[in-house]
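Here's a quick report on a strand and some charged pairs. Take a look at the sequence and the structure first.

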Amino acid sequence: MKKIILTLLALILLAPTALAKEYNVSAWLPNWEEEEAFQSFKDNVDSINVISPFWYHLNDDGTLAPPKNGENREIIEFAKENNIPIIPTISNSFNGDRVSGIINDPEIKRESIQNIIDVIQEFDYDGIDIDYEGLHSEDKDAFTNFIKDLREELNHYDKKLTIAIQAKSYPALIKYGDRGQDWKALSQYVDEFRIMTYDYGWSGSIPRPVAPYYWVEEVIEYAVDNVPREKIFIGVPFYGYGWSDDHFSSYTYSTIELILDKYGVDFQYDPETKTNRLFYISEFDTREPKVPYEVWFENHVSLKPKLELVEKYDLGGIAIWRLGNEDPMNWRVIEEILKDKPLGDQLFFKDVNINTLYNEAVTLLAELGIVEGQGDSLEFKPDDGVNRAEILKMALNSFARDTSAYYFDELRGDDFTNPFIDTGEGEWYFPYVLSGVAFNFVEGYPDGTFKPDQKINRVEALKLALESAGIALSRVKVGEQWYTPYMNWAVRNDLYDSVGFLPDEDISRAEAANIIAKVIDVVENS
């Protein structure tokens, strides 16, 4: 009997690992950067479940027009050799009129469906992906009937049907065609319901994230009320957008890395949207005065919380837009979260490991791009003191504070006056100090100095992190010390206990990272 009980206990302990769920990964492969995208496909084939080359454009008469380099036999053969279903995409180029003319004419609709069947059979595809956007609201039922009829034909050949869906978080928006897609009805007929949860920021918007976390979750919450969870694939972007007055550009992540290297600008992190930002002034900008680009971009940092939403809502998986020149760390995150393959903690610095005090906070800020190694040694020097200038830079970049007005010489007018005698315009900390003054949470001393090299104490660091995050605390009550609201916040949020707070004690670089990491966590979860 004892042996049976032990065996059952062993099975119970092993069960979570044995039953751990893996989620599916579909990926679009663009034809305009096919070489780079194909290389990404080859490099990460073990992480991909379905590949969708962007190979076909819809004509007005329902025929399909492959691009010049479409129907690439090498890609088809590679997918088949690796048992990856190949489901190419048909795009209507956001032309709702074109689709309307097809789906409302019974003969053209029949011919259009037959054209799809013909191309599937010719190349032995595993199915087709329909990306018809910008549809007219009055065509909603006709589009559903088109998808229904296409599904019935595909069933004769045992082929799959996936569909790209414009994102929305409530039933009917006014613009951009999402009213022409009936989620509940369409989901009956497709294998993958690929929601394009990206381009929240776009060429016609103000500068803002491509796919902010809170918006992606709003779309998912609407989706799970209308679509079977196992069919929901959220679109995850592997790119970025930049705005500069009337100029707009798109960026692959490899371009982002070039900008960081070439212009020496900062990574910034926005905890509210869980995405990244940077500013730069292009050397090719001939405008006077010059205007910086504000670039919001996606990488493994912003991808991770979106994948956690897939787990949270138990969805079918993700659809990647798009392969090619992406952040290689994206695949590590995908393997860990969606494929349930623990790869261990990353080590960013030679002198920070699992035994280092506050190592998790240091690692977080390193992953966010906020802190880097010192000099050529790649050491963080966690036990060294942190000065006023260092904590200011860390805090401003951890909460996406715009320092561009002082970061770039080109943006300072002739009437600019430096308020501090010890903060020269050529010093690395100049833009952070002056930005802190502009945001009204940095003051100097009566002698006109800022004292950038002066070590900072615990309560000063916490105050600066909270103010950078835009967290306002209640005023000091009569009889209280000025730091009491900060101590109360620290205790309330499990950063320190009331005994260990010691406001006047100087802190280390690692402890400064821990304070900022705690404030980031509070903002992310507020």
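Is Arg 151 buried or exposed? Its relative accessibility is 12%, so Arg 151 counts as buried. Keep in mind that this is a predicted model.

## Salt bridges across the chain

There are 24 salt bridges in the structure. One of them joins the side chains of Arg 151 and Asp 191, at 2.9 Å from N to O. That pair links distant parts of the chain, with Arg 151 in helix H6 and Asp 191 in the loop between helix H7 and strand S7, 40 residues apart. Asp 191 comes out as partly exposed, because its relative accessibility is 29%.

Asp 60 has a salt bridge too, with Arg 98, and the closest N and O atoms are 2.8 Å apart. Asp 60 sits in the loop between strands S2 and S3 while Arg 98 belongs to helix H4, so this pair ties together parts 38 residues apart in sequence. Asp 60 itself counts as exposed, at 53% relative accessibility. There's also a salt-bridge network linking Lys 80, Asp 124 and Lys 159.

All six residues of S9 (residues 239-244) are buried, so the strand is largely enclosed by the rest of the structure. Tyr 239, Tyr 241 and Trp 243 point one way, and Gly 240, Gly 242 and Ser 244 point the other.

S9 pairs antiparallel with S10 over six bridges, and Ser 244 stands opposite His 247. In this hairpin two residues lie between the strands, and Asp 245 takes a positive phi near 55°. S9 also runs antiparallel to S13, joined by four bridges, with Gly 242 opposite Val 295.

Methods:
Residues numbered from 1 in each chain as written. Predicted model: local features only at pLDDT ≥ 70, side-chain atom pairs only at ≥ 80, totals over all residues. Heavy atoms only, no water. Buried < 20%, exposed > 50% of the residue type's maximum accessible area, 1.4 Å probe, protein only. Pairing = 2+ DSSP bridges. Salt bridge = Lys/Arg side-chain N within 4 Å of Asp/Glu carboxyl O.
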